[in-house]
Amino acid sequence: MKRCRCVQSALALLPFLWLTAPVATPLAAQVNDEAADPERLQYLDIFEMEVADDPRISPDGERVVYVRRGFDIMTDRSRTALWVVGTDGSGHRAITDGGGAVSSPRWSPDGNRLLYVASDDGANQLFVRWMDTGQTAELTNLTESPGNIAWSPDGEWIALTMFVPEPAPAFAKMPARPEGAEWTAPPRVISKLRYRADGRGYLPDGHTHIFVLPADGGTPRQLTSGPYDHGGGLSWSPDSRSIVFSANRGNPDFDVRDSNVFEVSVESGQLSQLTERFGPDGGPVVSPDGARIAYTGFDDRHQGYQVTRLYVMNRDGSDDRRVGALDRDVGGLNWAADGQSLFVQYDDQGTTRVARITLGGDVTDLAADVGGVALGRPYGGGSYTVARDGRFAFTVNSPLRPADVAIGGTGAGPRRITDLNEDLLAHRKLAEVEEIWWESSHDGRPVHGWIATPPDFDPSRKYPLVLEIHGGPFANYGPRFAAEVQLYAAAGYVVFYTNPRGSTSYGEEFGNLIHHAYPGYDYDDLMSGVDAVIERGYIDEGNLMVTGGSGGGVLTAWIVGKTDRFRAAVSQKPVIDWISFSLTSDGYASYYQYWFPAPVWEDGMLEHYWARSPLSLVGNVTTPTMLITGEQDLRTPMSETEQFYQALQIRKVPTQMVRVNDAYHGIASSSPSNLIAKVANILEWFERYRSPGLPRASQP
């Protein structure tokens with residue numbers, strides 16, 4: 001399917017007024033033949049890529065509406081529009097004009113209307129579209145953005161969540177400013193525990209509450225109140241008289257993972273609490289007959305990683321029981337029409353799946369390769385939705401293609417129904433990705449990873465290697481499309497990415513091998529993996545490189561303090577000193593409870609935090625090490641990067657600090673050019689310190 005380019009229609013100017021980006025030429029310093037290959041992935045190709053997100057299958061299973069996301073090279077931002085496609089792949093067309101951001105498409109229960117959120121002059125509002133005529137109406141005039149929108153089963157109401165501002169607490173009273181005087185802005189006075197968040201900055205005063213709105217528009221009516229946030233998904237009862245949701249209405253400042261399931265009456269606002277245990281009870285969905293509620297959660301033991309289980313209880317909270325023994329995180333719950341099983345989504349060994357679980361706990365996989373919708377690195381994610389007849393739509397990707405829309409539950413196996421990037425990537429030579437398992441030198445435990453080889457790979461040659469380490473650390477990589485991996489490979493590197501101990505999708509025991517011990521033996525997993533790749537015979541052992549972001553940045557800085565086998569390293573947005581991080585990160589209320597035995601000031605903790613800090617090993621570092629962090633990063637603040645940079649400067653170890661503008665922790669997600677800048681700086685650093693034994697690798 002070719003992307004549309006400024007084509008006029010009778011209804012509207014179709015979305016995505018795409019600008020054809022010129023092909024980027026390799027850096028002038030690259031003179032080998034590979035560098036001149038225009039069929040390899042180029043930096044500016046990032047602006048030409050598209051992603052399918054949030055696919056919503058119609059109630060009758062005949063159509064899918066999804067968010068189609070691309071990029072504008074002139075504004076360096078994403079552009080979104082809603083597209084519809086038949087589940088047989090026919091009738092693929094735009095239904096919004098791409099004039100502003102659009103998200104959250106939701107079919108009405110009868111499938112005749114489509115609700116969605118769109119920006120109108122910068123403010124997010126609710127819109128409804130009649131699917132037979134294409135007529136669209138704006139339903140709201142809100143001052144705050146709506147979220148978690150959900151139709152009532154009778155089609156008469158719309159539930160949503162919305163932030164309710166509160167006045168900032170008063171403190172010192174300033175004298176009156178003389179007329180015409182220009183004083184600086186008054187001080188920001190902060191007294192709450194959670195006052196800032198990565199990606200958002202300083203948090204306004206107020207809380208998120210649940211509202212209902214007539215389906216034909218009007219004034220939203222607030223159902224919840226109090227000093228609590230109600231920001232999760234909303235599930236209506238079949239009679240449209242109440243809404244089930246999850247919230248932390250206990251002590252959210254300190255019991256940061258705790259939440260319970262509640263039900264609120266739409267008519268009276270009366271609230272009933274249905275679960276009481278300590279732990280995160282979330283994602284509740286009411287069964288088709290209204291008799292039961294399924295939800296996910298666990299009994300919180302303050303472990304770094306705990307598997308999220310599936311539970312089912314009666315509507316009044318009684319007979320609450322765990323369903324099945326699957327040792328994987330379960331989410332994305334949808335009841336089957338007969339009420340005897342549930343559709344779920346889970347990750348297994350780096351692959352995201354859609355499955356069906358009976359109330360007796362039997363698991364049947366229905367689809368794999370459920371794709372994440374980010375372009376940067378090969379993380380999990382993605383989503384799916386289910387029609388009444390059991391057909392489902394989901395995001396699907398592979399190492400060679402970003403997320404598209406696919407259909408499952410048809411009896412013939414899952415099938416991709418869009419090809420958003422064929423016009424670009426079908427004409428690019430991409431890295432092939434293969435799976436690898438090896439045994440850790442620490443304890444012989446099997447460890448999982450993937451190898452991406454450069455285009456035109458010849459196993460009789462020798463190639464430089466990039467070890468790319470995921471963040472989290474409780475996350476997973478997998479056989480998924482990753483523009484960063486593909487760009488490294490296009491530059492002539494073999495890329496090795498892995499799921500060392502602590503990674504999710506391998507069970508709770510494997511994930512918790514780093515509990516109160518990170519970084520630690522995950523280092524041995526990684527070094528054993530590098531050795532396993534070298535044993536294949538095509539790696540130049542004199543040109544090993546290492547990089548990683550967030551948790552991967554921690555491990556990169558740890559690695560160069562433990563070994564000098566790497567020619568160069570790039571630590572992206574790392575934690576360098578757990579002592580300083582624990583009281584400067586936006587998540588400071590959580591880390592001391594789950595990642596450490598106690599706060600840093602308690603007996604023995606100073607030594608414990610320091611022993612796990614890469615800064616404790618800086619005296620060993622000889623590897624040229626660059627650091628990259630977003631200027632606005634609040635998760636791993638810039639002060640962490642500065643500590644390592646300044647220590648390496650004092651020690652006269654070659655180093656460089658790259659401070660990425662307009663970026664929080666998610667550097668690559670802030671803008672396409674920041675993704676490119678990150679990769680370009682990493683490759684330039686590696687090239688600067690490559691040994692002369694091999695021709696310099698190409699760059700996109």
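Me: Is Ser240 buried or exposed?
Reply: Start with the scale. Buried means under 20% relative accessible area, exposed means over 50%, and partly exposed lies in between (1.4 Å probe, protein chains only). Ser240 has 7% relative accessibility, so it counts as buried. This is a predicted model, in which local features need pLDDT of at least 70, side-chain atom pairs count only at pLDDT 80 or more, and totals for chains, interfaces and linings use all residues. Residues are numbered from 1 along each chain as its sequence is written, and side-chain values use heavy atoms, with hydrogens and water left out.

Me: Where is Ser240, and what is its phi?
Reply: Elements come first. Helices (H or I, at least four residues) and strands (E, at least two) are DSSP runs, numbered from the N terminus. Ser240 is in the loop between strand E15 (235-236) and strand E16 (242-247). Its phi is positive, about 65 degrees, although Ser240 is not a glycine.

Me: What is the phi of His516, and where does His516 lie?
Reply: Phi of His516 is near 55 degrees, a positive value in a residue other than glycine. His516 belongs to the loop between H3 and H4. With a relative accessible area of 25%, His516 is partly exposed.

Me: Why is the pair of Tyr518 and Trp578 called edge-to-face?
Reply: The ring centres of Tyr518 and Trp578 are 6.1 Å apart and the planes stand at 65 degrees, so the pair is edge-to-face. This pair links distant parts of the chain, 60 residues apart. Tyr518 is in the loop between helix H3 (508-511) and helix H4 (522-534), and Trp578 is in helix H6 (residues 578-581). Tyr518 and Trp578 are both buried.

Me: What kind of pair do Trp685 and Tyr689 make?
Reply: Their centres are 4.8 Å apart and their planes at 55 degrees, so the pair is tilted. Trp685 and Tyr689 are 4 residues apart in helix H11, so about one helical turn separates them. Trp685 is buried, at 2% relative accessible area. Tyr689 is partly exposed, at 22%.

Me: Which residues form one aromatic cluster?
Reply: The members are Tyr305, Phe474, Tyr518, Trp578, Phe581, Tyr591, Trp595, Phe596 and Tyr609.

Me: Which charged residue sits over the ring of Tyr594?
Reply: A charge sits over a ring if NZ of Lys or CZ of Arg is within 6 Å of the ring centre and within 35 degrees of the ring normal. The charged end of Arg257 is over the ring of Tyr594, 3.9 Å from its centre. Arg68 lies over the face of Trp83, at 4.1 Å from the ring centre.

Definitions and conventions. Phe/Tyr/Trp six-rings, centres within 6.5 Å; stacked < 30°, edge-to-face > 60°.
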